[in-house]
Amino acid sequence: TTRFSATGANGGGAIQVGGSWQNGDASVRQATKTTVGADVVIDASSTRVGDGGEIVVWSDIDHAESLTDVSGSLLSIGGVKGGNGGRIETSGLLLSLSSDLDVRAHALDGKPGLWLQDPYEYWVTREVALPLLRALELGSNVTISTGVYRSSAGNLVTKEAPNDIFLVFPFQKKMGSSDVTFSLRSEEHTS
């Protein structure tokens, strides 16, 4: 197992793989392809009191060959003696999630954290639904937000394509906290 840790007794830290949260920090270079393998644990949890930290697994959403492929475990859990869940982002033009992906941004004694996914287009298949459902049932909020892909050459935008979210494998949360949300936000359509 490969482990990346930014845990702390008074709050989790930040781990950025391939880019920053919503590409908000221009000083952080963006990867074109980012892969987190099945044997990888990325942990930015609070170990005692305090909020979970931030994890970003990102590839450049404006690059035509962008791919973010995620397996393993992404953990940003609030402290056992109090603290909110942290925030986790998995984004890229193409986003591939393994069915065994374990994402936890919950709180043991606080408010749920967030797992944000921000690809170009999103298909909720059976394989994708499994980690979504697991995250929700463990107490994490989940947001899927698709924007507009912009391919550019210099300052000239050469292609703009809005995108969709397709729910082809409906699922229902049957256990766990009732205080979590599942949000679908598309610039174009959700079907």
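This is a short tour of one predicted model, stop by stop.

**Before you start.** Residues are numbered from 1 along each chain as its sequence is written. Because the model is predicted, local features need pLDDT of at least 70 and side-chain atom pairs count only at pLDDT 80 or more, while totals for chains, interfaces and linings use all residues; side-chain values use heavy atoms, with hydrogens and water left out.

**The whole chain.** Show everything first: there are 1 helix and 18 strands. Of the 191 residues, 48% are buried, meaning under 20% relative accessible area with a 1.4 Å probe, counting protein chains only. The chain exposes about 9,300 Å², and carbon and sulfur atoms supply 47% of that area, as given by the Shrake-Rupley method with a 1.4 Å probe.

Now select 33-36, which is strand E3, then 67-70, strand E6, and 94-97, strand E9. They form an open sheet in the order E3-E6-E9, with parallel pairing. E3 and E9 stand at the edges with a single partner strand each, so one side of each has no neighbour in the sheet. Two strands pair if DSSP finds at least two bridges between them; E3 and E6 are joined by 4.

Which loop holds Ser98? Ser98 lies between E9 and strand E10 (102-104). Ser98 is buried, its relative accessible area being 17%. Leaving aside residues up to four places away in sequence, Ser98 touches Val70, Ser71, Glu127 and Pro131, where a contact means heavy atoms within 4.5 Å.

**The largest nonpolar core.** A nonpolar core is a set of buried Ala, Val, Leu, Ile, Met, Phe, Trp, Tyr and Cys residues joined through side-chain atoms within 4.5 Å. The largest one here has 28 residues, and those touching the most other members are Ile42, Val70, Leu74, Leu97, Trp115, Tyr122 and Leu132. Elements giving two or more residues to this core include E9, strand E4 (40-43) and helix H1 (126-138). Which element gives the largest share? That is H1, with 5 residues.

**Last stop: Leu74.** Select Leu74 and show its surroundings. Beyond residues up to four places away in sequence, Leu74 touches several residues, among them Ile42, Ile55, Val57, Ile88 and Leu101.

Terms used:
Buried means under 20% relative accessible area, exposed over 50%, partly exposed in between (1.4 Å probe, protein chains only).
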